[in-house]
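Hi everyone, thanks for making time for this. I'd like to walk you through one structure, so let me put it up on the screen.

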Amino acid sequence: MIEVVKSFVVIALQLTVLFVGVSFLLNLFQSYIPYEAIEKKLKMSHPLLGGGIALFFAFITPFCSCSTIPVVVNLLKNGVRFGIVMIFLFASPVLDPTILTIMTVIMGWQVTLIYIVITASLSLIIGLSLEVFGFEKSVKQVVMRGYEQGSKTFSLKHAWKETVALMKSVYPYLIIGALIGAIIHGVVPAEFISAHFGGDAWWLIPIAAVIGIPLYIRLSSMIPISQILIMNGMALGPVMAMMISSAGASLPELVLLKTIFNKSLIAVFVLSVITMSTISGFVFYLL
């Protein structure tokens, strides 16, 4: 029990310092990000260039899968081409800059770099493919209310206010993840995890990719859990597959997507996230 508490305090403190520090800096410099210019570029650029800009836009906007939806509706309303919007939809929740920073500290820069390359590349390929296959016709006509992009100014007070607001929505998941990770570390024998979920357990990758969606384990919760699982011998492939699928397509997000997409596109979206997660898992498995 003492080991569990000690592990929880260490993980929670580490995550808290990282989360608050990175979130505050990101919010502080949001005023320097030219959102209107980025949207204009997205609308007028070549698909590949626009896809690259969409990935950059996804990286600088710290949204979870649910809060991405209003931005998606706004982009569609402003005439941004469908494939580029889908790239943003796939990439935004999995390329959260705060989470990537925490991932770098917890899991190492090599893992984070591979993760970024894989998720960005697959988001680009899948997003543009959906446009090529004509899924744009599956988008409903949506009238958006209550969304204002607004302009931001450089302000310490405003940055701290935004950080506190973000902590209220995300920080509990970090603590839950730290607690689960500490319990696994203190209660579940490393030999058990290594024997059943480590080594050549490649078949766990597609299973982890599928079950990650209904579990809705946010990236902020999965990172500390993943760290402990990997330390205790679990293979990296299944861990990354579950991490990406749970972040990329949660049940609350699918409910929101139902208001702007037809069922066929929602089904393809879920399949795409599972495919992205499975491919990513196998890449990590083979490394």
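Let me start with helix α4, residues 68-77: 7 of its 10 residues are buried, so the rest of the structure largely encloses this helix. A quick reminder before I go on: what you see is a predicted model. The buried residues of α4 are Thr68, Ile69, Val71, Val72, Val73, Asn74 and Leu75. After α4 comes Gly79, and if you like backbone angles, its phi is positive, near 85 degrees.

Stepping back to the whole chain now. The secondary structure comes to 14 helices and 0 strands. Of the 287 residues, 50% count as buried. If you take contacts between residues at least 6 apart in sequence, 86% of them join residues at least 24 apart. As for the surface, the chain exposes about 13600 Å², and carbon and sulfur atoms supply 71% of that area.

Next, the annotation. The unreviewed UniProt entry places the feature "transmembrane region" at several stretches, including residues 83-107 and residues 264-286. How do those two look in the model? Over residues 83-107 the chain is 80% helix and 0% strand, with the end C-alpha atoms 32 Å apart. Over residues 264-286 the chain is 100% helix and 0% strand, and there the end C-alpha atoms are 33 Å apart.

On to packing. Which residues touch the most other members of the largest nonpolar core? They are Leu257, Phe261 and Phe269, in a core of 66 residues. Helix α5, residues 82-91, brings the largest share of this core, with 9 residues.

Ser280 lies in helix α14, residues 263-286. Is Ser280 buried or exposed? Ser280 counts as buried, because its relative accessibility is 0% and the cut-off for buried is under 20%. With residues up to four places away in sequence again left out, Ser280 touches Ile118, Leu122 and Ile244.

Now for charges. How many salt bridges does a search of the whole structure find? The search finds 1. This salt bridge brings together the side chains of Arg81 and Glu131, at 2.3 Å from N to O. Arg81 sits in the loop between α4 and α5, while Glu131 belongs to helix α7, residues 109-132, so the pair ties together parts that are 50 residues apart in sequence. Arg81 is partly exposed, at 32% relative accessibility. Glu131, with a relative accessible area of 19%, is buried, and you can see how that value sits against the cut-off of under 20%.

Trp202, Trp203, Ile207, Val210 and Ile211 make a nonpolar surface patch of about 480 Å². Take Val210 as an example: Val210 is in helix α10, residues 204-215. With a relative accessible area of 43%, Val210 is partly exposed.

Terms used. Residues are numbered from 1 along each chain as its sequence is written. This is a predicted model: local features need pLDDT of at least 70, side-chain atom pairs count only at pLDDT 80 or more; totals for chains, interfaces and linings use all residues. Side-chain values use heavy atoms; hydrogens and water are left out. Patches are made of residues with over 30% relative accessible area and no salt bridge: like charges are joined within 9 Å, nonpolar side chains (Val, Leu, Ile, Met, Phe, Trp, Tyr) within 5 Å. Accessible areas come from the Shrake-Rupley method with a 1.4 Å probe; for residues, only the protein chains shown count as cover. A salt bridge is a side-chain nitrogen of Lys or Arg within 4 Å of a carboxyl oxygen of Asp or Glu. Helices (H or I, at least four residues) and strands (E, at least two) are DSSP runs, numbered from the N terminus. Buried means under 20% relative accessible area, exposed over 50%, partly exposed in between (1.4 Å probe, protein chains only). A nonpolar core is a set of buried Ala, Val, Leu, Ile, Met, Phe, Trp, Tyr and Cys residues joined through side-chain atoms within 4.5 Å. UniProt positions are given in the numbering used here, feature names are shortened, and annotations may be inferred rather than shown by experiment. Contact means heavy atoms within 4.5 Å.
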